[in-house]
Amino acid sequence: MIVLGVESSCDETGLALYDTGRGLLSHALHSQVAMHEEYGGVVPELASRDHIRRAIPLLQQTLEGAQIAAADIDAIAFTQGPGLAGALLVGSSIACSLGLALDKPVLGIHHLEGHLLSPLLASDPPEFPFVALLVSGGHTQLMRVDGVGQYELLGETLDDAAGEAFDKSAKLLGLGYPGGPAISRLAEFGDPAAYKLPRPMLHSKDLNFSFSGLKTAVLTVVKNAGAANVCEQDKANIARGFVDAIVDVLVAKCVAALKQTGLKRLVIAGGVGANSQLRAALNAAAAKKRFRVYYPELEFCTDNGAMIAFAGAMRLSINPGAAKREYAFNVRPRWPLDELKVI
């Protein structure tokens, strides 16, 4: 079965073709980072318009890369939510229009399920069950994953997600957008002893997170130093203090989740999973605590069509009737992962 995946939940337009027999055939991605950088964040209307402009050329590129015709597609999976409503509508309308034109069934996919399953695309995929840390711009959650569609929420952020804290703290330091990679790079040059920032909820007895206080601590440090007078080295020191704090919390909660569930496999999914400091700390913890940690390929950490095609293919492999020839569509900008139906 060949499944076309369409991703347009925020500021990346991604299309991919996944074959249940041969694996990932091809994928194409366009990031809108350069367009939104001028505004310091994603502008929803501009994001939607750019998805319209990019989707069909990316589809043609994906088909050419796989050396197949559109008629060879067996089903179309698209991101139905969560995400920006306008952006989701573009991808959904394109997927359902293609389904109607080609007489192929379509299937709406939960964006976070795509992230959760994306490490299975790696050359050394994890086996079920595992604990997953879903850590991205808008989400920070710990999940127990027993199979496709079988997810148990263990803990989540009570306020800002880790990715939001990265972006907002980077903005306070004048690093621009996107902030996560910029503050991570700057932290490499910082002194870890210069600033000891708080580790919110590090010692709580649950698996929840809170990062708004850490962001406020960065704001306080910058204000006390005089924002206009913070030198580059001091910015690097603040960045290092911030990154160390957030990594300490994420690693501690992951270790606690593994202990609570008794599992020995940890999967990291989402854009923050590409962070080098987080990966180094998790690898060190894994060696010490004797568990295995799995990451998606770097190209699949951010939003992409491959994870949507793969999630659709997995669901259809278990339940071939999940895709329908029903082309009226709706989107779900807010869609809790625990509302997904168990297959």
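Select Asn-275 to begin: at 8% relative accessibility this residue counts as buried, a word that here stands for under 20% relative accessible area, with exposed meaning over 50% and partly exposed in between (1.4 Å probe, protein chains only). Asn-275 sits in the loop between strand E9 (265-269) and helix H9 (276-289), where helices (H or I, at least four residues) and strands (E, at least two) are DSSP runs numbered from the N terminus. The model is predicted, so local features need pLDDT of at least 70 and side-chain atom pairs count only at pLDDT 80 or more, while totals for chains, interfaces and linings use all residues. Residues are numbered from 1 along each chain as its sequence is written, and side-chain values use heavy atoms, with hydrogens and water left out.

Once neighbours within four places in sequence are left aside, Asn-275 is in contact (heavy atoms within 4.5 Å) with Phe-166, Ser-184 and Val-247.

Next, select helix H8 (residues 232-261), which has 30 residues and reaches 43 Å from its first C-alpha to its last, close to the 44 Å expected at 1.5 Å a residue; the expected span is 1.5 Å times one less than the number of residues in the helix. H8 is mostly covered, with 21 of its 30 residues buried, and after the helix comes Gly-262, whose phi is positive, near 75 degrees.

Move on to the aromatic rings, of which the structure holds four pairs. Rings of Phe, Tyr and Trp (its six-membered ring) pair if their centres lie within 6.5 Å, and planes under 30 degrees apart count as stacked, over 60 as edge-to-face and the rest as tilted. Phe-128 and Phe-130 make a stacked pair, 5.5 Å centre to centre with 15 degrees between the planes. Phe-128 is partly exposed at 32% relative accessibility, whereas Phe-130 is buried at 0%. Another stacked pair is that of Phe-209 and Phe-211, with ring centres 5.9 Å apart and planes at 25 degrees; both Phe-209 and Phe-211 are buried.

Go back to Phe-128 to look at the backbone, where a cis peptide bond with omega about -5 degrees joins Phe-128 and Pro-129. Pro-129 is in the loop between helix H4 (111-117) and strand E6 (130-135). A cis peptide bond also runs from Gly-81 to Pro-82, with omega near -15 degrees, and Pro-82 has its place in the loop between strand E4 (75-81) and helix H3 (85-102).

Select Gln-67 next, a residue other than glycine with a positive phi, near 60 degrees. Gln-67 lies in the loop between helix H2 (44-66) and E4, and is exposed, with a relative accessible area of 75%. Asp-103, in the loop between H3 and strand E5 (106-110), has a positive phi of about 60 degrees although it is not a glycine, and counts as partly exposed at 48% relative accessibility.

Finally, show the whole chain, which has 10 helices and 10 strands. Its C-alpha atoms fill a box of roughly 60 × 45 × 30 Å, taken along the principal axes, and buried residues make up 55% of the 343 residues.
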